Amino acid sequence: MSEQPRQPRRKPAPAGAGGKQAKPYRRPQKDPVRMLAFEVLRAVDERDAYANLVLPPLLKKARQDEKFEARDAALATELVYGTLRRQGTYDAVIKACIDRPLREVDPPVLDVLSLGAHQLLGTRIPTHAAVSASVELARVVLGDGRAKFVNAVLRKIAAHDLDGWLERVAPPYEDDAEEHLAVYHSHPRWVVSALWDALGGGRAGIEDLLEADNERPEVTLVARPGRSTPEELLEAVGEESALPGRWSPYAVRMAEGGEPGALEAVRDGRAGVQDEGSQLVAMALAAVPVEGRDERWLDGCAGPGGKAALLAALAAQRGAFLLASEKQPHRARLVERSLAGNPGPYQVIAADGTRPAWLPGSFDRVLMDVPCSGLGALRRRPEARWRRRPEDLEGFAPLQRGLLREALSAVRVGGIVGYATCSPHLAETRVVVDDVLKGRGAGHSPVSAELIDARPFMQGVPALGDGPDVQLWPHLHGTDAMYLALLRRTA
């Protein structure tokens, strides 16, 4: 009987703890969706970038890979904006699951934990998939050691759903109403307080507003008069994906999302992306009757150009000239791009509205949409709620008052000034207007102007308050929280 050849002996795998054989090392796998979301969050944290500016080019680059599908882009978008909107809530949950102060957790680790928390508590992604995908991301961007920490924390988070965690980490409403709302609805406490003061009323209204801030806003288009029509945009977007505006006759809502830049009218500048509240402000200024001359209009803070483009189109229908002024040269170039092709006369200049490049009394209508905290656009820029501080308002205050004074100087007697902000904070709205009219502040005298009721110039829009100024609200009007006061110069 012939001898069988000897089989080579296999080396035993190294034993791990308890005599178990250790698993062979596996390289972490990159998930392009979660890597992209993590990259955006790091840019927001490290560079004070805005997600709505960072995300689109990254998605465009990712789409060059045929394997990156539309559903991947949708998931990446949800992970970014959902995590940013719910950051305050997730921070409270993560804090309850670790044995150190939150500030001692490295920011990249916290970003991975927040992305994981959103998948567990804010999406329908299965628990196992949410944890494993987040740990895999941690292995790629943080290393195996810190990935173990991420795994341990996320498994604790997975023990309860969102409602269960909120009951654990938020104080009862009866004990501390503002902190309860801050944690439940993921807003800084000072923002909750400021919005509640501006809104007035009881618990239901403020909760509706905070919930609206956490909803994804629709993309709203504007058909610039004389250059495009809502009917053209509705047809281009598609009947199943588009809806007419709620209040503006020029608005079209892209209810199913989509890419506005793919529309010919938007590429040509005949239409643009513009929140309906912003449209209403420009339309109201143009609608106020003025006696005598109505030939020269000014947009004194024109960047990035949305309101200026609508004003220019409205002015062109009356043969009026629009001067669009913007302090920052790069933003002035954006205004030029928005106004290119306008059929009526216009000019764009880079100038400081507090040091005007025009003579007093030169204009018949002036819009001054002043720099502000941006608390009215938290739906679109959720990171702004965490970036702003109460002391920021003190920095804006002198500029806002100075711009309104110069606007009232720039308009002729009988002319109209529109003072607008994308903030409902009383310190940026009614207080500014009242101070300027009454001459409060060192070295200033009362201004010869009167407030006129702005509500009739937003026809069909409900819940505009007692006047004479107007405050729009996301939960009541589906718009950004734009504020408008209309003033007529009297002497």
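## The second largest pocket

Let's start with the helices around the second largest pocket: α1 (32-47), α3 (70-85), α4 (87-96), α5 (107-121) and α17 (384-387) each supply at least two residues of its lining. Helices here are DSSP runs of H or I with at least four residues, strands are runs of E with at least two, and both are numbered from the N terminus. This is a predicted model, where local features need pLDDT of at least 70 and side-chain atom pairs count only at pLDDT 80 or more, while totals for chains, interfaces and linings use all residues. Residues are numbered from 1 along each chain as its sequence is written, and side-chain values use heavy atoms, with hydrogens and water left out.

The pocket has a volume of about 490 Å³. Of its 21 lining residues, V44, D45, Q87, D91 and W386 are the closest to the centre. (On a 1 Å grid over the protein atoms alone, a pocket is an open set of points where a 1.4 Å probe fits, with protein on both sides within 12 Å along at least five of seven lines; lining residues have an atom within 4 Å of a point. The volume is the space filled by probe spheres set on the points.) Sorted by class, the lining has 8 nonpolar, 3 polar and 10 charged residues. Charged covers Asp, Glu, Lys and Arg; nonpolar covers Ala, Val, Leu, Ile, Met, Phe, Trp, Tyr, Cys and Pro; the others, Gly among them, are polar.

Which residues of α16 (residues 329-339) are buried? They are A332, V335, S338 and L339. Seen down the helix axis, these buried residues fall within an arc of 110°, so they line one face of α16. (The arc is taken from the directions from the axis to the C-beta atoms; buried means under 20% relative accessible area and exposed over 50%, with a 1.4 Å probe and protein chains only.)

On the other side of α16, R333 and R337 are exposed. The cover over the buried residues includes α15 (306-317), β6 (321-326) and β7 (346-350). Just after α16, G341 takes a positive phi of about 90°.

E207 sits in helix α11 (residues 203-213) and is buried, at 17% relative accessible area. Leaving aside neighbours within four places in sequence, E207 is in contact (heavy atoms within 4.5 Å) with L181 and H185.

N214 is in the loop between α11 and β1 (219-223), and N214 also counts as buried, at 17%. A polar atom of the N214 side chain lies 2.8 Å from the backbone oxygen of H185. Not counting residues up to four places away in sequence, N214 touches R85, R86, H185, H187 and R385.

Definitions and conventions: Polar contact = N/O pair within 3.5 Å; in protein donor to acceptor, adjacent residues only side chain to side chain.
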